[in-house]
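Me: I'd like a close look at one part of this model, the surroundings of the ligand. Could you walk me through it in one go?

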Amino acid sequence: MIIGVPKEIKNHEYRVGMVPASVRELINHGHQVIVETNAGIGIGFTDEDYIQAGAEILPTAADVFAKAEMIVKVKEPQAVERAMLREDQILFTYLHLAPDLPQTEDLIKSGAICIAYETVTDTRGGLPLLAPMSEVAGRMSIQAGAQALEKSNEGRGMLLGGVPGVEPAKVVVIGGGMVGRNAAQMAVGMGADVTILDRNIDVLRSLNAQFGSQAKVIYSTVDALEKHVLEADLVIGGVLIPGAAAPKLVTEEHIKSMKPGSAIVDVAIDQGGCIATSKATTHAEPTYIVDDVVHYCVANMPGAVPRTSTFALNNATLPYIIKLANQGYKEALLSDQHFLNGLNVIKGQVTCKEVAEGFNMEYVDPRSAIENA
Ligand SMILES: NC(=O)c1ccc[n+]([C@@H]2O[C@H](COP(=O)([O-])OP(=O)(O)OC[C@H]3O[C@@H](n4cnc5c(N)ncnc54)[C@H](O)[C@@H]3O)[C@@H](O)[C@H]2O)c1
């Protein structure tokens, strides 16, 4: 199969669909990889690195789209990219179609086979191609929180781990899933006093097994939440109710009663945030203050560390890319229900129920859509 990797064109997006090591894997499987010039330059990969891995470099995105049988990207295709998609071409990338009618309409029009990273599932009920970005954001949240606590950022002027003779900061992590677990790991590593709240008893058990006495693991009730948030120096918001807006677990009253100079990192901001006073911010201006509490609410945290994020994403996507290339999309998807869940649009038909319902469009079962394709 001919696999194409265009350079990402969304504002401030430096990640790339495939690193040279992934290209080499596909070449080893007997495939051909074409890469747009400078596709990886933002994270330090030159055209020469891709050539060494066996790729061919093409001068424009139009060349890549025209020649490739499968396009592998990171962000949803922008309007100019959508116009280059063609019937029967496979598109494998993050799509996030639910809030994006123009993109959905263009993908339908294109006749392409559009598989979204974020709706591929796994046997444990997880989202394996979304999880790496939660790992990145979770770990980053402690870096961001540590900075927010610095005096120059209007924080309390505390070092997360303290020093001998001085107490460490109290870090409270709400939600012990992928984000929360990774945040807690970093906070524990830095010597902070860490408490994790979750309401899933299996998650609590597994957190306890992981952290032992290094972190307190607490069942999340209104009562427990209030107690720990009011004592916290740093709160990390990492809750998720799949498919729904994040619940506002920390109220305006809580914020008013928190210690002046304490900080909040609301990682769940991409789902609306779990803190009543959260509003999305950007890397250019990541924080703002409400009632003396520093708020960090960047909706695309992994964008700040595109090199790490690209490797993390590639590690997760590579087996799926190889499967699509080796077996073709029909066999690859039909033989794996979890991978099939990634199919959002195929040859003009919408095969993702939430997207079809959201836009009042006809929903077609993905299996029959492929069988009739
Ligand atoms: N801002 C960013 O850049 C960024 C990056 C990655 C992920 N995220 C977001 O972070 C959030 C968390 O993602 P995740 O992958 O960790 O999800 P996850 O499903 O792995 O974990 C969510 C956890 O929240 C817990 N939870 C639900 N309701 C709760 C409550 N009332 N009290 C305490 N815990 C509760 C669940 O039991 C679960 O363990 C999502 O909204 C995700 O989209 C944001």
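Which residue has a polar backbone atom 3.1 Å from a nitrogen atom of the ligand?

Reply: Happy to: that residue is Val298, whose polar backbone atom sits 3.1 Å from a ligand nitrogen. This is a predicted model, so local features need pLDDT of at least 70 and side-chain atom pairs count only at pLDDT 80 or more, while totals for chains, interfaces and linings use all residues. Residues are numbered from 1 along each chain as its sequence is written, and side-chain values use heavy atoms, leaving out hydrogens and water.

Of the 880 Å² that the ligand exposes when taken alone, the protein buries 86% (Shrake-Rupley areas, 1.4 Å probe).

Around the ligand there are 26 residues, each with a heavy atom within 4 Å of it. Val179 and Asp270 are among the closest, together with Ser134, Asp198 and Met301. By class, the shell holds 15 nonpolar, 8 polar and 3 charged residues; Asp, Glu, Lys and Arg count as charged, and Gly as polar, while Ala, Val, Leu, Ile, Met, Phe, Trp, Tyr, Cys and Pro are nonpolar.

Which elements supply the shell? Helices H6 (131-148) and H7 (178-189) and strand E8 (193-198) each give at least two residues, with the largest share, 3 residues, coming from H6. These are DSSP runs, at least four residues for helices and two for strands.

H7 also packs against helix H8 (residues 201-211), at about 25° with axes 12 Å apart (lines fitted to C-alpha atoms; angles from 0 to 180 degrees between N-to-C directions). H7 and H8 are therefore roughly parallel, a label for angles under 35 degrees.

Technical notes. Polar contact = N/O pair within 3.5 Å; in protein donor to acceptor, adjacent residues only side chain to side chain. Parallel < 35°, antiparallel > 145°, perpendicular 65-115°, else oblique.
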